[in-house]
Each structure stands twice: as structure tokens, then as C-alpha cells.
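The sequence and coordinates come first.

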Amino acid sequence: MVGDDGDDLLGARSDERTTLTGTLDWYRGVVENKIHGLGREDASRSMTPSGLSQLGVVKHLAWVERGWFQEIYAGRDVEMLEGDDDSLEFAIGPGDTVETIRDFYRAQVSESRAVTDAAPGLDALSARETPMRGRVSLRWVLVHMIEETARHAGHLDLMREAVDGRVGD
């Protein structure tokens, strides 16, 4: 996509870092668009046999942003959910609203961008090791987050269509 001023907004003709961050930001925007205009009841409605909801997916993605960029890559001591059960990241609490979860997601994305911007390069390794991969490069984190965010954007697309027929990015 090229903007009115000729800027390459998605990084299609840019360097690797701009391409990766532009692609990730595109999918982050899709995620936000999928819950835009929904009320809490529709956004938190269980849409799969496992209990997946649109708000739950966005909440999960916020925790994933925090985990990969802040905790693993930057090595920060940040609050994370306890336990090995990923379902906690998808759980909607009584105080959760579309706005609070959207704001939580936006805050984590903002921190992720700051971590990425501060990194010396795509080959720079994470401050912390992961159990399966050891220390990972910023490149790997960005590619993994594109995959994670795009996969869940697809889930959100199907769920939103089922709620009110809205399709598209």
C-alpha cells in the first residue's frame, strides 16, 4: 500500500526491518478493527467449542506482545500470568470491556514498538532464553509475532462475520 505522499506504508519496497515492522503493524491494525464498534456482549461471546471469543483473542495477543518483546527480548521483569495454561490469557474478567482490552492491547503494542525501535538490529539476541530456542533474534520475534497476529486476525475475521456479517480488514 502506498500513501498519498508516496510512502511505502507496508514496507513492500523497503529494507527488511521496515518490511517486518510494517507487516506486523498492518495486522495489529486489523486486530483492532475486528473489535471496533462491538459491544461487550458480542465481543465476549464464546464463538468456538473451546470458548474462544473476540475479546479473548485480543487479550491473548496483548499478553503475547508483552511476553515476547518486554519479557523475553528486552529482559524486563513485567507482570505475566502464572502457570502453563494459555487459556488464562484468553479469559474475560467481569471488569473487562472492549475499551479496557483494546487499551491494554494498544499499551503492549506501544511498548513492543519501543523495544523494537531501541534494538540495534534484527540480529540482536534476546536478553532471556526461551525453553525451546534459547536466545532468539529480534528478526525471529518479529516473524513469530507476524505469524501469531495474522493467525488470530483470521480467527477474528471469521468471528466478526458470524456476529454481524462484517468482513474485510
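Ser 112 touches Arg 28, Glu 65 and Phe 69, where residues up to four places away in sequence are not counted and contact means heavy atoms within 4.5 Å. Ser 112 is found in helix α5; helices (H or I, at least four residues) are DSSP runs, numbered from the N terminus. With a relative accessible area of 0%, Ser 112 is buried, a term that means under 20% relative accessible area (1.4 Å probe, protein chains only). Between Ser 112 and Asp 77 there are 14 Å from C-alpha to C-alpha, at 35 residues apart in sequence.

The coordinates are those of a predicted model, in which local features need pLDDT of at least 70 and side-chain atom pairs count only at pLDDT 80 or more, while totals for chains, interfaces and linings use all residues. Residues are numbered from 1 along each chain as its sequence is written, and side-chain values use heavy atoms, with hydrogens and water left out.

The mean pLDDT (the predictor's confidence in each residue, from 0 to 100) of the protein is 92, and 92% of its residues reach 70 or more. Where pLDDT is low, the predicted coordinates should not be read in detail.

Helix α5 packs with two other helices considered here, α3 and α1. Axes are lines fitted to C-alpha atoms, for helices over the stretch in contact, and angles run from 0 to 180 degrees between N-to-C directions. The axes of α3 (residues 54-73) and α5 come within 9 Å and cross at roughly 25°. That makes α3 roughly parallel to α5, as angles under 35 degrees count as roughly parallel and those over 145 as roughly antiparallel. The α3 and α5 crossing is left-handed, which is the case if the near helix is turned anticlockwise from the far one by less than a right angle. On the α3 side the contact includes Leu 55, Glu 65 and Phe 69, and on the α5 side Tyr 105, Ser 112 and Thr 116 are among the residues. By class, the α3 and α5 contact has 13 nonpolar, 4 polar and 4 charged residues; Ala, Val, Leu, Ile, Met, Phe, Trp, Tyr, Cys and Pro count as nonpolar, Asp, Glu, Lys and Arg as charged, and the others, Gly among them, as polar.

For helix α1 (residues 16-35) and α5, the axes come within 11 Å and cross at roughly 175°. The two helices are therefore roughly antiparallel to each other. Among the residues that meet are Arg 17, Thr 21 and Arg 28 in α1, and Tyr 105, Ser 112 and Thr 116 in α5. The α1 and α5 contact divides into 5 nonpolar, 3 polar and 8 charged residues.

| Residue | Relative accessible area |
|---|---|
| Thr 116 | 4% |
| Thr 149 | 0% |
| Gly 67 | 9% |

Thr 116, in helix α5, is in contact with Arg 17, Thr 21, Phe 69, Leu 138 and Leu 142, leaving aside neighbours within four places in sequence. Thr 149 lies in helix α6 (residues 138-164). With neighbours within four places again left aside, Thr 149 is in contact with Leu 24, Tyr 27, Arg 28, Val 31, Leu 61 and Tyr 105.

Gly 67 has its place in helix α3. Under the exclusion of neighbours within four places in sequence, Gly 67 is in contact with Ile 72 and Met 80. The C-alpha atoms of Gly 67 and Glu 79 are separated by 9.2 Å, at 12 residues apart along the chain.

Terms used
Angles under 35 degrees count as roughly parallel, over 145 as roughly antiparallel, 65 to 115 as roughly perpendicular and the rest as oblique. Buried means under 20% relative accessible area, exposed over 50%, partly exposed in between (1.4 Å probe, protein chains only).
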